[in-house]
Amino acid sequence: MPQISQLVSTFGSQFFWLAITFGLVYLLIGRSMLPKIQSTVDARNKRIADDLDAARIAHKQADEIEEKYQVRQAADREEAQKITAEAKAKAGKASEKRVRDADKRIATKIAKAEEEIAAQTQAALGEIESVTAEATQDIVSKLTAAKVTKAKAVKAVKGALANV
């Protein structure tokens, strides 16, 4: 095979040019492009570190603001509870006063009603006595020939009603 015999005669020169090409590529990349890439990576790393530091500072400030907010919220809640308690106390006092006033009015009405009932009861008892005395006189006169006076009939009715 003639290709293999040619390979041996051209191998040395190909290896030589390969080494020169790689050397030039190394010098070109290593000396000119690599420093630019490295500076870009360093700048990126520095920016990330700065951003992380800024984020930590912002987080710390947010925590401080939240703590102040929590303290203020607790104070506001406490004040609101105090105002609510005062309002409940005022409402309770006003309600108690209205209940006392209503109790007085009701007690007055009840007393008047009891007086009227007592007066009407006495009037009814008086009427019952007179009607019963008349009925007693009529019954006695119809059943017997005896005559009963009004005074005796009233006295008998009062005695009978006293036992009731």
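K46 and D50 sit four residues apart in helix α1 (residues 2-143), which puts about one helical turn between them; helices here are DSSP runs of H or I with at least four residues, strands are runs of E with at least two, and both are numbered from the N terminus. The side chains of K46 and D50 meet in a salt bridge, with N to O at 3.1 Å. The term salt bridge stands for a side-chain nitrogen of Lys or Arg within 4 Å of a carboxyl oxygen of Asp or Glu. K46 counts as exposed at 52% relative accessibility, while D50, at 37%, is partly exposed. For these labels, buried is under 20% relative accessible area, exposed is over 50%, and partly exposed falls in between, using a 1.4 Å probe and protein chains only.

A word on the model itself. It is a predicted one, so local features need pLDDT of at least 70 and side-chain atom pairs count only at pLDDT 80 or more, whereas totals for chains, interfaces and linings use all residues. Residues are numbered from 1 along each chain as its sequence is written, and side-chain values use heavy atoms, with hydrogens and water left out.

Searching the whole structure turns up three salt bridges. D53 and R56 are three residues apart in helix α1, about one turn of the helix. D53 is partly exposed, with a relative accessible area of 39%, and R56 is exposed at 53%. Then comes K97 with D101, where the closest N and O atoms are 3.5 Å apart. K97 and D101 also lie in helix α1, four residues apart and so about one turn of the helix. Both partners are partly exposed: K97 has a relative accessible area of 48%, and D101 has 28%.

Zooming out, the protein has two helices and zero strands. Its C-alpha trace spans about 185 × 50 × 20 Å along the principal axes. The radius of gyration is 61 Å, against the value near 15 Å that a compact globule of 164 residues would have; the radius is taken over C-alpha atoms, and the globule rule is 2.2 Å times the number of residues to the power 0.38. Within helix α1, I83 is partly exposed at 49% relative accessibility. The C-alpha atoms of I83 and A94, eleven residues apart along the chain, are separated by 16 Å.

Buried residues make up 2% of the 164 residues. The accessible surface comes to about 14,600 Å², and 63% of it belongs to carbon and sulfur atoms; areas come from the Shrake-Rupley method with a 1.4 Å probe. As for charge, the mean positions of the 27 positive and 22 negative charges are 2 Å apart. Lys and Arg count as positive and Asp and Glu as negative, with His and the chain ends not counted, and each charge is placed at NZ of Lys, CZ of Arg, CG of Asp or CD of Glu.

The rings of F16 and W17 have centres 5.2 Å apart and planes at 70°, so the pair is edge-to-face. The rule takes rings of Phe, Tyr and Trp (its six-membered ring) with centres within 6.5 Å, calling planes under 30 degrees apart stacked, over 60 edge-to-face and the rest tilted. F16 is partly exposed at 47% relative accessible area, and W17 is exposed at 54%.
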